[in-house]
Amino acid sequence: MGLEVAGTARALGKAVQVLESAPRLLQRSVSPELAAHVLATHQAAGTQVTLGAQVGPATVVAGRVTALQVNGQAVPVDELVLGIGGTPDTALAQAAGLACQDGVLVDAQMRSSVPGILAIGDCARFAAQGCGWAPAGSATLRLESVQNANDQAKTAAATLLADADQPSAVPPYAALPWFWSEQGAMRLQMAGLMPVAAQPDGTLAPLSTRHRRPGANDQSFSVFHYLGDRLVCAESVNAPMDHMMAKKLLEAGKHPSPAQLTDPAVALKTLV
Ligand SMILES: Cc1cc2nc3c(=O)[nH]c(=O)nc-3n(C[C@H](O)[C@H](O)[C@H](O)COP(=O)(O)OP(=O)(O)OC[C@H]3O[C@@H](n4cnc5c(N)ncnc54)[C@H](O)[C@@H]3O)c2cc1C
């Protein structure tokens, strides 16, 4: 979100500084390869990016932030945009008796622990039993995306319409997750979930091996993630057709070899 705002503000001619506390950009959601491209593109556009930033107190004068302590130095501020994510506030749901754990716990048909109450979207931590694409060990997941909210609405509607005696007739939620982000001239698209593991220093590192497919120009490429010989995730920059085809491959559970996927002479649609 912060990078989207930064890209737009920079395009409007503003002097922009991005402060990231992690050692790289977007470590929760994209590969180091994609993050490096995103960093280089923002820097080339003139945005100043500080990684590993330690942000201290703000100076507020007459109700306005005028400076921020960054790595012990006061940095002047005209406008401050906070893009630091959020955590679910489950107090209301818990007070209503719903089982919660970083969101409202629901089964694969979107049913909470209280009969008659369903939850979907950002607030729902759902059973991932039907999700062949889920990283190993993910019994439950909570995702924040428009696609997830829309697709879970369909499952919830099917549950509401199902015969009360036959709720298991509703197929478990299984829609492949996909995401996008537009940052300046970059259109990032991701299909599937990147498997990550926390490192001893607290950072996150992908568990996958990754293979790059060149795009039409040096601002366009895709990264395919494998666990063993299984394709688990794909990231694309300014390559919407690659994204679309990668999505189809993942949805169909197909696992072409890295050699096939990274060969620009191989049209991905021939592999679907
Ligand atoms: C700035 C921004 C940019 C984003 N960009 C993208 C993007 O590019 N792509 C993408 O996939 N996702 C994006 N997202 C995430 C996406 O918006 C959410 O994942 C999606 O909206 C989730 O849908 P939802 O229905 O679960 O929740 P919401 O869309 O948040 O809807 C929940 C609704 O419930 C209402 N509500 C909350 N509490 C109560 C209450 N107690 N009583 C009654 N009503 C209540 C809220 O006011 C809100 O209207 C973005 C989010 C933000 C904030």
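Reader: Where is Leu82 placed?
Author: Leu82 lies in the loop between strand E5 (73-76) and helix H3 (91-95). Helices (H or I, at least four residues) and strands (E, at least two) are DSSP runs, numbered from the N terminus. The model is a predicted one, in which local features need pLDDT of at least 70 and side-chain atom pairs count only at pLDDT 80 or more, while totals for chains, interfaces and linings use all residues. Residues are numbered from 1 along each chain as its sequence is written, and side-chain values use heavy atoms, with hydrogens and water left out.

Reader: Why does Leu82 count as exposed?
Author: Leu82 counts as exposed because its relative accessibility is 66%. Buried means under 20% relative accessible area, exposed over 50%, and partly exposed in between (1.4 Å probe, protein chains only).

Reader: Which residues make the nonpolar surface patch?
Author: Leu80, Leu82 and Ile84 make a nonpolar surface patch of about 350 Å². Like charges are joined within 9 Å, and nonpolar side chains (Val, Leu, Ile, Met, Phe, Trp, Tyr) within 5 Å. Accessible areas come from the Shrake-Rupley method with a 1.4 Å probe; for residues, only the protein chains shown count as cover.

Reader: New topic: how many disulfides are there?
Author: A search of the whole structure finds zero disulfides (pairs of cysteine sulfur atoms within 2.5 Å). The sulfur of Cys100 has its closest cysteine sulfur in Cys123, 8.8 Å away, which is too far for a bond.

Reader: And is Cys123 buried, partly exposed or exposed?
Author: Cys123 counts as partly exposed, because its relative accessibility is 39%.

Reader: Let us turn to H1. Which of its residues are buried?
Author: In helix H1 (residues 2-11), the buried residues are Leu3, Ala6, Gly7 and Ala9. Their cover includes strand E1 (17-20), helix H2 (32-44) and E9.

Reader: What follows H1?
Author: Gly13 follows H1, and the phi of Gly13 is positive, near 90 degrees.

Reader: What follows H5?
Author: H5 (residues 240-252) is followed by Gly253, with a positive phi near 65 degrees. The buried residues of H5 include Asp242, His243 and Met245.

Reader: Finally, how many helices and strands does the chain have?
Author: The chain has six helices and 15 strands. Of its 272 residues, 39% count as buried.

Terms used. The expected span of a helix is 1.5 Å times one less than its number of residues. Patches are made of residues with over 30% relative accessible area and no salt bridge: like charges are joined within 9 Å, nonpolar side chains (Val, Leu, Ile, Met, Phe, Trp, Tyr) within 5 Å. A salt bridge is a side-chain nitrogen of Lys or Arg within 4 Å of a carboxyl oxygen of Asp or Glu. Contact means heavy atoms within 4.5 Å.
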